[in-house]
Amino acid sequence: MTSTATPVQLWTRDLGSCLHGTLATVLLHDGHDPVTVLGAPWEFRRRPGAWTTEEYYFHAEPDSLAGRLALFHPFESTWHRSGGDAGGGTGDGLDELREALAAGVLPIAAVDNFHLPFRPAFHDVHAAHLLVVYRITGTDVYVSDAQPPAFQGPIPIADFLNSWGSANPADDADVFFSSSPSDRRWLHARMSGAVPETGLGWLAGVIRDNVERYRRPSPPGTQTGVDGLRGYLAELCALEPGSAAAGEALSELYVISWNIQAQAGLHAEFLRAQGLRWRIPELAEAAARVDAVAHGWTGVRMTGAHSRVWQRHRFDELRAHGAELVRRLEVALEQLDLAADAVGRQTEEEHRGHH
């Protein structure tokens, strides 16, 4: 039995992970622009203790993963687990993926890089990852993985099943993304309703909503916005260097901040594109400020990662990078206020022009 799907597009960004890359491939396959859908929202959210050692972790609850990453579009996702009785047929779970492909769905599979022959980690390092499945034959599974080194093509079914069903055991070579079983899970992402008209009024609403979300107080049990980020960084830097709690917290920092950073970089790209579309210079300036925030996360993430791996907990350096990150965020929000005002003025001018 052979399943086919429309050829898919590789999509990635320098600051992005497999999460944004695979969802973008699905969006492109279904005729949507990833920068508009995934780049419009921008936020900071963390729930203490709610993280997993996976490259694709993002705090989405209570929303779906795609729903939280695409706040301004009806983009939704559902996790499935295949195999055994759930998979039917051979019991390896591939029949469920074949059925999805036959229905025009591109499954996003949770895998372990250790078993993927095209990854540098092949038979070397265990790490949780996502890729897109776009075809299955009697001997091979065709996968699309935009994360460098980009690959698209067939791999033997046995290799795919080993990766898709891996226990992904703890691995000292990757303390951040091991210890998280693949469990033959796959993500079904799709638009669940009509896509909004992305005019000036919509754009002004997007910017103001993002800014307001950053400025409002954190709800109970979750750290959000500027105050949430400031509080999180302060708690982190107050930990005792060399303690087990510090090591755990630094692991969490690296994992949760990857896709927060990726979202910031993509939001900057979204603002640049909208600035060109509407010829509003304040949007280009806001894009530059948000881009500075995205790159400000690099100092925080890398200092935390190096501290964790080398067991030299440099919270003084982390505190300095964190202070700079918050400063850049506050500057970006001020510029976004100006951009929203400029978009609003142009909206009013267009409205008057139609009358």
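**Reading a sheet and its helices**

Guide: In this predicted model, strand E3 (residues 108–112) pairs with strand E7 (residues 185–191) in the antiparallel sense, over two bridges. Residues are numbered from 1 along each chain as its sequence is written. Local features need pLDDT of at least 70, side-chain atom pairs count only at pLDDT 80 or more, and totals for chains, interfaces and linings use all residues, while side-chain values use heavy atoms, without hydrogens and water.

Visitor: What is the order of the strands in the open sheet?

Guide: The six strands follow the order E2-E7-E3-E4-E5-E6, with antiparallel pairing. E2 (75–81) and E6 (151–156) are the edge strands, each pairing on one side only.

Visitor: Which strands does helix H6 lie across?

Guide: H6 lies across E3, E4, E5 (140–145), E6 and E7, at about 85 degrees to E3. Axes are lines fitted to C-alpha atoms, for helices over the stretch in contact (heavy atoms within 4.5 Å), and angles run from 0 to 180 degrees between N-to-C directions.

Visitor: Why does Leu 161 count as buried?

Guide: Buried means under 20% relative accessible area, exposed over 50%, and partly exposed in between (1.4 Å probe, protein chains only). Leu 161, in H6, counts as buried because its relative accessibility is 14%.

Technical notes: Helix = DSSP H or I, 4+ residues; strand = E, 2+ residues; numbered from the N terminus. Pairing = 2+ DSSP bridges.
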